[in-house]
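Here are some notes for a colleague who is opening this structure for the first time. Please keep the sequence and the model side by side while reading the points below.

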Amino acid sequence: MALTSQPGAPLKAAPASRRPAPRLASPVNRALLHPAAKPLLFIAALGPFAGYFYGAFADTLGPNPAEALIHGSGDWTLRLLCLTLLVSPLRQLSGWHALARLRRMLGLFTCGYGVLHFLSYAWLDKGFVLADIAKDVAKRPFILVGTAALLLMLPLAATSFNRAIKALGAARWQALHRLVYAVALLGLLHFFWMRAAKNHYTDWTVYAAILAVLLGWRLWRRLHAPRRLDPLAQPR
């Protein structure tokens, strides 16, 4: 509570009109806290999948539907990963702290599209023949790297709930979820090798620049975080 005083007078609470407005009272934060915010994000994130699902039955995915589905789901995995990593810097720089309530859904959809990407390859390219998939993963580095990124995403999705945080403890949970940075780098390498086969790097360059900014911001904050004198204080 804000306080005012005059010489010889007792302290009194400042009038409500003079108190600073809470940061969550901004129009953007109010919109993000609206009950419709999560359903709208869910619908928007589900949109690409719905488009591919419809296109597969309506035969509108072009001359090579399998390639369209495999590459499209991979692109959306990387896009949603970038949006998930954007939440923290955007809320810190803008004060839109209510963005944090949408990060979990973005992360889960990132994993969901990653699973769709792998299943599309395993089904449409390999016919779910496990022996052929295993040989392909071992023989082709870009598939090995992509599979590794997916395997790292699975425990992050599985522990994205409040019960998992309580079970693991905040410190171990945070350490586990730093694997998202490895996922980002492996996903970028996977995308690079895919584009290298066709000597087409434009899209990769855009994703690389975005992830460089997002990961670089985190590294900068870590290096410039003020040192705490209290050895028992929790890290930021």
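1. Aromatic rings. Rings of Phe, Tyr and Trp (for Trp, its six-membered ring) pair if their centres lie within 6.5 Å, and planes under 30 degrees apart count as stacked, over 60 as edge-to-face and the rest as tilted. By that rule the structure, which is a predicted model, holds eight aromatic pairs, and ring pairs link Phe42, Phe109 and Tyr113 into a cluster.

2. Basis of the model. Because this is a predicted model, local features need pLDDT of at least 70 and side-chain atom pairs count only at pLDDT 80 or more, whereas totals for chains, interfaces and linings use all residues. Residues are numbered from 1 along each chain as its sequence is written, and side-chain values use heavy atoms, with hydrogens and water left out.

3. Overall fold. Helices (H or I, at least four residues) and strands (E, at least two) are DSSP runs, numbered from the N terminus. On this count the chain comes to ten helices and two strands, and the order along the sequence is β-β-α-α-α-α-α-α-α-α-α-α.

4. Burial, surface and contacts. A residue is called buried under 20% relative accessible area, exposed over 50% and partly exposed in between, with a 1.4 Å probe and protein chains only; buried residues make up 32% of the 236 residues in the chain. Accessible areas come from the Shrake-Rupley method with a 1.4 Å probe, and for residues only the protein chains shown count as cover; the chain exposes about 15,300 Å², of which carbon and sulfur atoms supply 67%. Contact means heavy atoms within 4.5 Å, and of the contacts in the chain with a separation of 6 or more, 63% are between residues 24 or more positions apart.

5. Tyr52 and Leu61. Tyr52 lies in helix 2 (residues 37-58), and is buried with a relative accessible area of 17%. Leaving aside neighbours within four places in sequence, Tyr52 is in contact with Leu61, Ala68, Leu69, Gly72, Ser73 and Trp76, while its C-alpha is 9.2 Å from that of Pro65, 13 residues away in sequence. Leu61, in the loop between helix 2 and helix 3, is also buried, at 18% relative accessible area.

6. Trp76 and Thr77. A charge sits over a ring if NZ of Lys or CZ of Arg is within 6 Å of the ring centre and within 35 degrees of the ring normal; here the charged end of Arg79 sits over the ring of Trp76, 4.7 Å from its centre. Thr77 belongs to helix 3 (residues 65-94) and is buried, with a relative accessible area of 12%. Beyond its neighbours within four places in sequence, Thr77 is in contact with Thr110, Tyr113, Gly114, His117 and Met153.

7. Helix 5. Which residues of helix 5 (residues 130-139) are buried? They are Ile133, Asp136 and Val137, and, seen down the axis of helix 5, the buried residues fall within an arc of 100 degrees (taken from the directions from the helix axis to the C-beta atoms), so they line one face of the helix. Lys135, Ala138 and Lys139 are exposed on the other side of helix 5, and the cover over its buried residues includes helix 4 (100-125) and helix 6 (141-158).

8. Backbone points to check. Most residues other than glycine have a negative phi. Asp59, although not a glycine, has a positive phi of about 60 degrees; Asp59 is in the loop between helix 2 and helix 3 and is exposed, with a relative accessible area of 60%. Phe128, also not a glycine, has a positive phi of about 60 degrees; Phe128 lies in the loop between helix 4 and helix 5 and counts as partly exposed at 46% relative accessibility.

9. Cysteines. A disulfide is a pair of cysteine sulfur atoms within 2.5 Å, and the structure holds zero disulfides. Cys82 is buried, with a relative accessible area of 7%, and Cys111 is buried, with a relative accessible area of 7%.
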